[in-house]
Amino acid sequence: MKTKILVTGGTGFIGSHTVVELQNAGFEVIAIDNLWNSNIEVLDGIEKISGIRPIFEKLDCNDKAGLEALFTKHSGIKGIIHFAASKAVGESVQNPLLYYRNNLVSLINLLDLMPKFGVEGIVFSSSCTVYGQPDELPVTENAPIKVAMSPYGNTKQICEEIIQDTVHSGVDYKSIILRYFNPIGSHPSVEIGELPNGVPQNLIPFVTQTAMGIREKLSVYGDDYNTHDGSCIRDYINVVDLAKAHVIAVNRLVEGKSKANVETFNLGTGVGLSVLDIIRTFEKVTGEKLNYQIVGRREGDIEKVWANPDYANNELGWTAKETVEDTLLSAWKWQLKLREKGIM
Ligand code: UD1
């Protein structure tokens, strides 16, 4: 019998890629999503790639009774991968209670229900945002947590603490916290990818939409940072590589191979690239010319951050493999596909 895994936020960007990898690895997936920030058609893409349509229910993790009914209906769920969360930094500043409610209550509901239904582990989506501007680079998991720059960032920190406190209180389940750097790209089949709502806040969707002519110009937020070309540096990780790490993590939990009740891993490539590096590479691999302009700094931006992924590499046996060239090309092919389908 296949091991059952619940994926919350299963039609989202990282969630959908993870559902594919879980199904490819032989897991049975139950995916849920409230569809606020994703689309039911994503299931068609998942099915085209993996040949399997995951069980799906439209459900909000804040609906505890609904979750309880889900666990009862799909009995035997062994592990959870919890992606579902609100993630727009600016929106979180405008509407902090929405973020605290969505991101904290959904996690609390899941943790609360896990013992009753015998769920053995939960993988939690965290972010390198918890490190703020690290004192040392590349940043390791032992780097101090800095005061959050936004309510969104604060929810990630608080969720990590909620998991630590709950697991240490002696419950029967374990957890793996994954701190993502900057996930980008799309599945090589171009059946699934990133589909932001409205004007993109993140760099890559803005780059592809500018190249497509949907946005007139890309603003580069600052060229006066202390970096090789003055623009900010991030660690851009391919979304399929990232998805594969989740399969390893949840398998580690359900097979009882964790070395601690809560383990935390950085998921990055270990390479930092500037905004201008990304623009140049995108232009090179796609042959498209990007209309961009240097503007002032974006409030709250971190100057530079990239991962030390050694712990994940050694302990999980996982390494980010895709090149940034192939990853940017996949993002561009996805944009072309959206145009072909008349979506964007
Ligand atoms: C942001 C959040 C981070 C969150 C992540 C979720 C901030 C400060 N951080 O990460 O907490 O986990 O999104 O997706 O908001 N850039 C431009 N022009 C643009 C857009 C971005 O120059 O139009 C630059 C940014 O200044 C940054 C880089 O591109 O240097 C990456 O930006 P983005 O994709 O928004 O990610 P982060 O800021 O790293």
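In the pairing of helices α7 and α9, residues L203, I204, V207, T208 and A211 of α7 meet V275, I278 and F282 of α9, where contact means heavy atoms within 4.5 Å. Helices here are DSSP runs of H or I with at least four residues, strands are runs of E with at least two, and both are numbered from the N terminus. The α7–α9 contact counts seven nonpolar residues, one polar and no charged ones; Ala, Val, Leu, Ile, Met, Phe, Trp, Tyr, Cys and Pro go down as nonpolar, Asp, Glu, Lys and Arg as charged, and the others, Gly among them, as polar. This is a predicted model, with local features needing pLDDT of at least 70 and side-chain atom pairs counting only at pLDDT 80 or more, while totals for chains, interfaces and linings use all residues. Residues are numbered from 1 along each chain as its sequence is written, and side-chain values use heavy atoms, with hydrogens and water left out.

Two packed helices are described by the angle between their axes and the distance between the axes. For α7 (residues 203–212) and α9 (residues 275–286), the axes come within 11 Å and cross at roughly 40°. Axes are lines fitted to C-alpha atoms, for helices over the stretch in contact, and angles run from 0 to 180 degrees between N-to-C directions. The two helices, α7 and α9, are therefore oblique to each other; angles under 35 degrees count as roughly parallel, over 145 as roughly antiparallel, 65 to 115 as roughly perpendicular, and the rest as oblique. The crossing of α7 over α9 is right-handed, a label used if the near helix is turned clockwise from the far one by less than a right angle, with anticlockwise giving left-handed.

Two further helix pairs can be described in the same terms. Helix α3 (residues 64–73) packs on helix α5 (residues 96–113) at an angle of about 40°, their axes being 10 Å apart. That makes α3 oblique to α5, and the crossing is right-handed. On the α3 side the contact involves K64, L67, E68 and F71, which meet N109, L110, D112 and L113 of α5. Sorted by class, this α3–α5 contact has four nonpolar, one polar and three charged residues.

Then there is helix α1 (residues 13–24), whose axis comes within 8 Å of the axis of α8, crossing at roughly 60°. So α1 and α8 are oblique to each other, and α1 passes α8 in a right-handed crossing. From α1 the contact takes F13, I14, H17, T18, E21 and L22, and from α8 it takes V239, V240, L242, A243, K244, H246, V247 and V250. Nine of the residues in the α1–α8 contact are nonpolar, three are polar and two are charged.

Now for the empty space. Rolling a probe the size of a water molecule over the atoms shows where empty space is left. A search of the whole structure turns up two cavities of 30 Å³ or more. On a 1 Å grid over the protein atoms alone, a cavity is a set of points where a 1.4 Å probe fits but cannot get out, while a pocket is an open set with protein on both sides within 12 Å along at least five of seven lines; lining residues have an atom within 4 Å of a point. Grid points are joined across faces, edges and corners, and a volume is the space filled by probe spheres set on the points.

The largest cavity holds about 110 Å³ of space. Its lining includes G185, S186, E194, I204, T208, W334 and L338, and the elements giving two or more residues to it are α7 and α11. The lining residues of the largest cavity divide into six nonpolar, five polar and one charged. The second largest cavity has a volume of about 50 Å³, with helix α6 (residues 151–168) giving the most to its lining, three residues.

The second largest pocket has a volume of about 180 Å³. Of its 13 lining residues, S186, P188, E322, D326 and S330 lie nearest the centre. Helix α11 gives the most to this lining, with five residues.

Finally, some backbone details. Most residues other than glycine have a negative phi, and most peptide bonds are trans. L137 and P138 are joined by a cis peptide bond, with omega about -5°. L35, although not a glycine, has a positive phi of about 60°.
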